[in-house]
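Subject: Structure handover and findings

Dear colleague,

I am passing on the structure we spoke about, and I would be glad if you would look through it with the notes that follow.

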Amino acid sequence: MATQRIPLNFFGSSFGLAGLAGCWVTAAGQGHVSHRVGDALLALAAAVWLVTVVFYLRYVLTTRGAFAADLFDDVASPFASLAVITPMALASQGVAPYAPTAGKVLVDIFLVLTVLAGGWFTGQWIYGPLALDHLHPGYFLPTVAGGFVASASAATVGQERLAQAMFGLGVACWFILGSMIMARLFFRPPLPALLMPTLAIEVAPPTVGSVAYFALDGNRLDIVAAGLAGYALVMVGAQLRLLPAFLRLRFAASTWSFVFSWAAVVTTTLHWNELGRPDGHTVYTYLLLAAITAFVGGIAARTVLALVRGQLLPKGA
């Protein structure tokens with residue numbers, strides 16, 4: 001018997017909360033805030049991830065063909081990768097500082113799953129056929145986001161060579177997919193409304209890549225960090241031009257696409273702010289944390305309200 005359908009993009013909520021936690025963990029590492037806030041957010045992200053996994057498994061185990069349909073769905077399938085990417089980030093930031101061996105083991109397990117998922121999706125896209133109009137920035141998730149998060153996670157638990165390999169994976173897939181996605185966005189019809197929030201993911205490759213590079217390269221400013229920041233500035237500018245379209249959107253689960261992307265922007269800015277130490281840099285840190293926390297808090301509150309009203313979950317077949 002079919003049960004309540006859980007769309008794959010629901011995994012974006014725990015991924016976004018992990019991104020917010022990363023902002024606070026970064027600020028705590030710089031000595032500006034208590035680590036307890038970051039730890040609490042990591043615990044919340046883990047709880048949301050676990051609940052999503054349980055309900056998703058309940059859905060696919062009681063609905064014949066649901067799992068295969070999701071994995072072969074050209075539009076939704078890339079979001080499935082968040083189910084293994086998110087716990088990798090949570091383990092490196094929330095487990096490894098307190099239980100290094102357990103944290104490293106968990107990072108390695110989910111890193112392997114992330115690479116396997118990225119390989120499977122890449123093979124599926126090659127095997128296809130894949131319609132160009134189905135392409136959207138969410139296609140960055142399995143390999144680009146997966147590669148960069150894996151790189152940062154591996155570096156955090158002391159696996160430098162593995163982190164370098166994962167950074168290379170993220171960069172190579174970013175260059176390949178980025179050109180195709182941008183061509184689709186430039187020359188084909190606009191994305192449907194429910195996919196418009198995925199345009200926020202365009203700021204993620206240079207910023208998540210920056211976070212990975214800082215973790216990998218000892219938190220230094222150099223030519224690679226500067227180059228990533230330059231592209232990030234262009235993508236942030238593009239987001240400002242898209243703001244009128246974003247403001248017309250109705251709230252949906254896909255709104256969470258904004259969260260991790262902008263959390264990565266804030267985390268990258270926190271690194272630059274601390275390393276550059278402009279006048280008033282401590283004030284800037286608090287303003288950035290307040291802004292991203294209020295933004296995510298608003299989306300989280302709207303999500304809870306939509307769930308209570310029965311407006312968020314579609315019905316299963």
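What follows covers the nonpolar cores, the cavities and a few points of the backbone.

This is a predicted model, in which local features need pLDDT of at least 70 and side-chain atom pairs count only at pLDDT 80 or more, whereas totals for chains, interfaces and linings use all residues. Residues are numbered from 1 along each chain as its sequence is written, and side-chain values use heavy atoms, with hydrogens and water left out.

To begin with the cores, the term nonpolar core stands for a set of buried Ala, Val, Leu, Ile, Met, Phe, Trp, Tyr and Cys residues joined through side-chain atoms within 4.5 Å. Buried means under 20% relative accessible area, exposed means over 50%, and partly exposed lies in between, with a 1.4 Å probe and protein chains only. The largest nonpolar core has 62 residues, and Phe 11 and Met 88 are the ones with the most contacts inside it. Helix 6 (residues 141-156) gives the most to this core, with 9 residues; helices here are DSSP runs (H or I, at least four residues), numbered from the N terminus. Apart from this core lies another, of 21 residues, which include Ala 27, Ala 263, Val 266 and Leu 289. If neighbours within four places in sequence are left aside, Phe 11 is in contact (heavy atoms within 4.5 Å) with Trp 49, Thr 52, Val 53, Tyr 56, Phe 79, Leu 82, Ala 83 and Thr 86.

The structure also holds 2 cavities of 30 Å³ or more. A cavity is a set of points, on a 1 Å grid over the protein atoms alone, where a 1.4 Å probe fits but cannot get out, and its lining residues have an atom within 4 Å of a point. Grid points are joined across faces, edges and corners, and a volume is the space filled by probe spheres set on the points.

The lining of the largest cavity divides into 9 nonpolar, 5 polar and no charged residues, where Ala, Val, Leu, Ile, Met, Phe, Trp, Tyr, Cys and Pro count as nonpolar, Asp, Glu, Lys and Arg as charged, and the others, Gly among them, as polar.

The second largest cavity has about 40 Å³ of space and is lined by Phe 140, Leu 141, Val 144, Ala 145, Ile 201, Ala 204, Pro 205 and Val 208. By class, these are 8 nonpolar residues, with no polar and no charged ones, and helix 6 and helix 8 (204-216) each supply at least two of the lining residues.

As for the backbone, the peptide bond from Gly 128 to Pro 129 is cis, with omega near 0 degrees, and Pro 129 is found in the loop between helix 5 (100-127) and helix 6. Asn 219, in the loop between helix 8 and helix 9 (223-247), has a positive phi near 55 degrees and is partly exposed, with a relative accessible area of 30%.

With kind regards

Methods. On a 1 Å grid over the protein atoms alone, a cavity is a set of points where a 1.4 Å probe fits but cannot get out, and a pocket is an open set with protein on both sides within 12 Å along at least five of seven lines; lining residues have an atom within 4 Å of a point.
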